[in-house]
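Have the viewer open as you read.

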Amino acid sequence: QKHLHRQGDGSSSDAQLPPRLFQIKRVTTYEEKPLPDDGQPLGLDDRQGLTIDWYTDLIREAYDEERDKDVTVHPSARAQEDNEETAVTLEHCLELFTTTERLGMDDLWYCNKCKDHMQATKKFDLWTLPNILVVHLKRFSYRNKYWREKHETLVTFP
């Protein structure tokens with residue numbers, strides 16, 4: 001199981017290296033290859049990406065629950081715990097995304113039948129989904145073209 005353990009030069013210091021808990025691969029639409037462990041820059045182009053494959057069995061073996069209880073919690077993590085009380089689910093976000101929305105007076109729609117501009121509604125529907133769905137959450141609200149506010153609501157997902 002050569003790919004699970006770190007490779008070294010055979011020196012005695014190699015015996016002290018823990019097993020790898022993950023493997024990083026370079027991915028294209030045609031193939032995926034493990035990255036060389038040579039310390040060189042990756043040089044990814046626009047058509048390449050990275051995946052991380054976690055070895056969950058090794059993670060379970062390496063995890064020390066007692067050691068991890070003795071940690072200092074950063075203030076930002078405490079703020080996130082506070083946000084969990086006001087968290088929303090990804091399902092709730094999708095429900096809001098697919099509800100009917102009434103357009104404002106500055107977004108009037110031209111009706112060919114009436115020959116007049118009318119207030120309209122719009123609705124998005126998700127008919128079929130791919131095996132892997134990537135969701136981009138809106139992080140900012142724009143009050144006008146000069147002012148924005150960051151959304152702090154935590155979104156939980158499966």
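## Ground rules

Helices (H or I, at least four residues) and strands (E, at least two) are DSSP runs, numbered from the N terminus. By that scheme, Tyr-110 belongs to strand E6, residues 109-111.

This is a predicted model, so to speak of a local feature takes pLDDT of at least 70, and side-chain atom pairs count only at pLDDT 80 or more, while totals for chains, interfaces and linings use all residues. Numbering starts from 1 along each chain as its sequence is written, and side-chain values use heavy atoms, with hydrogens and water left out.

## Around Tyr-110

Tyr-110 comes out as partly exposed, at 38% relative accessibility (buried is under 20% relative accessible area, exposed over 50%, partly exposed in between; 1.4 Å probe, protein chains only). Skipping residues up to four places away in sequence, Tyr-110 touches Lys-115, Asp-116 and His-117, where contact means heavy atoms within 4.5 Å. Its C-alpha atom is 9.2 Å from that of Ala-120, 10 residues along the chain.

## Lys-25 and its salt bridges

The whole structure has six salt bridges (a side-chain nitrogen of Lys or Arg within 4 Å of a carboxyl oxygen of Asp or Glu). One of them joins Lys-25 to Asp-53, with the closest N and O atoms 3.1 Å apart. Lys-25 sits in strand E1 and Asp-53 in strand E3 (residues 49-54), so this pair ties together parts 28 residues apart in sequence.

Lys-25 is buried at 16% relative accessible area, whereas Asp-53 is partly exposed at 28%. Glu-32 joins these two in a network of salt bridges. Beyond neighbours within four places in sequence, the contacts of Lys-25 include Pro-34, Leu-35, Gly-49 and Leu-50.

## Two more bridges

Asp-45 and Arg-47 form a salt bridge at 3.8 Å between the closest N and O atoms. Asp-45 is partly exposed at 35%, and Arg-47 is exposed at 69%.

Asp-125 and Lys-123 also meet in a salt bridge, at 2.7 Å from N to O. Both ends are partly exposed: Asp-125 at 43% and Lys-123 at 44%.

## Rings

How many aromatic pairs does a search of the whole structure find? Two, with rings of Phe, Tyr and Trp (its six-membered ring) pairing if their centres lie within 6.5 Å; planes under 30 degrees apart count as stacked, over 60 as edge-to-face and the rest as tilted. Phe-97 and Phe-124 have ring centres 5.0 Å apart and planes at 10°, so they're stacked.
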